[in-house]
Amino acid sequence: MDSLLKHMVDMTGHRDHAMLDISVISAVQELAGAAQTRILAITTVSGQQYLRARASIVRGGAARLEESQDGMLGDPVTALPELKRCLAEHQSSAEAVTADGMRVLWLPIWFGDKATTCLEIRDDKAFSRETVYVIGGIVGVYRNFQNLLDYSERDSLTGLLNRKTFDDQLARMLQNAHERDPRLPGLPERRQHHAQEKQWLAVVDVDHFKAVNDKFGHLYGDEVLILIANLLHSSFRAQDRVFRFGGEEFVVLLRSTTLDNAWKIIERFRINVESHVFPQVGRVTVSVGFVSISAYDSPVVTLGHADQALYYAKSNGRNRACHYDDLVAHGLLQTVASNDTAEFF
């Protein structure tokens, strides 16, 4: 019981969703003594639901965050009829027995009528009523605290992460950038590391957004921002982080990818926006500036580099993406002087 209380205190002491996931599966695993406990993300694409592991722990092991693969949606919920029925009927839990005799317990984390997270527990023996009851209490604490974190971290209009959360996460990425394979605590080490893989910061700005507000009004302007936020979510990968920086400006932190892949992902988003039909407004485009994240630069300098690339994109035709280092290499941007707080061009 003392150990369980310690886990509960630890859970409510975090200000980060990833570490909150680690805490809840550690607490549940210790209570249930199960073969495996996982936190699953539930995503819906084209009306179909998919499951992807965010964090897991096995009996006798340590909790860890799971790395998602680019382009992988996860496992379809349709392959798990008990869970599918549970989600469709808004039930609090579902159980199943696999072909090898493993028992599985799912507990969706409901926020109103929507569940985007699910706790999964696997064991070779049945779960007692008392264990399920206590686990339900832990899930309730987890849900409430996750909701508080969401409220403090999210932009009220778009639902994206906000500026304060961006500052925190960029600082964390810069702090870890000097390591060979930078990642959040708890992620497994990668056996083969590709030296070309880096972390990237991209700044996105909606072209001629003031004209949209002036011509169609702020309600349609807000709708454009909401739809841009949706396109950001669908265009970037699960491990990337998307923020509303303010006004019509957004920021993306791309994790562990090459320059070629960063170009492809960013271009995919730009083209998705260009080809989208916005109600009443019609065609909208975006400009993007991006830069690799270096441990040797401060947050101000890193963001400044991406902003300069964005400014170049907007000054040279808009509806395009520009890479800061590429612009510097071709003499289109030139750094004259810099320090920890300012960068001059």
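Student: Which residues does L232 touch, not counting residues up to four places away in sequence?

Tutor: Contact means heavy atoms within 4.5 Å. By that criterion L232 touches L160, V242, F250, V252 and F269. This is a predicted model, in which local features need pLDDT of at least 70 and side-chain atom pairs count only at pLDDT 80 or more, while totals for chains, interfaces and linings use all residues. Residues are numbered from 1 along each chain as its sequence is written, and side-chain values use heavy atoms, leaving out hydrogens and water.

Student: How many residues does the largest nonpolar core have?

Tutor: In soluble globular proteins, nonpolar side chains tend to be buried together. A nonpolar core is a set of buried Ala, Val, Leu, Ile, Met, Phe, Trp, Tyr and Cys residues joined through side-chain atoms within 4.5 Å; buried means under 20% relative accessible area with a 1.4 Å probe, protein chains only. Here the largest core has 31 residues, and I228, L232, F269 and F278 have the most contacts inside it. Helix 7 provides the largest share, seven residues. Another core, of 25 residues, lies apart from it and includes A18, L20, A34 and V139.

Student: At what angle do helix 2 and helix 4 pack?

Tutor: Helices are DSSP runs (H or I, at least four residues), numbered from the N terminus. Axes are lines fitted to C-alpha atoms over the stretch in contact, and angles run from 0 to 180 degrees between N-to-C directions. Helix 2 (residues 17-32) and helix 4 (residues 129-153) pack at about 175°, with axes 10 Å apart. Helix 2 is therefore roughly antiparallel to helix 4, a term for angles over 145 degrees.

Definitions and conventions
Buried < 20%, exposed > 50% of the residue type's maximum accessible area, 1.4 Å probe, protein only. Helix = DSSP H or I, 4+ residues; strand = E, 2+ residues; numbered from the N terminus. Parallel < 35°, antiparallel > 145°, perpendicular 65-115°, else oblique.
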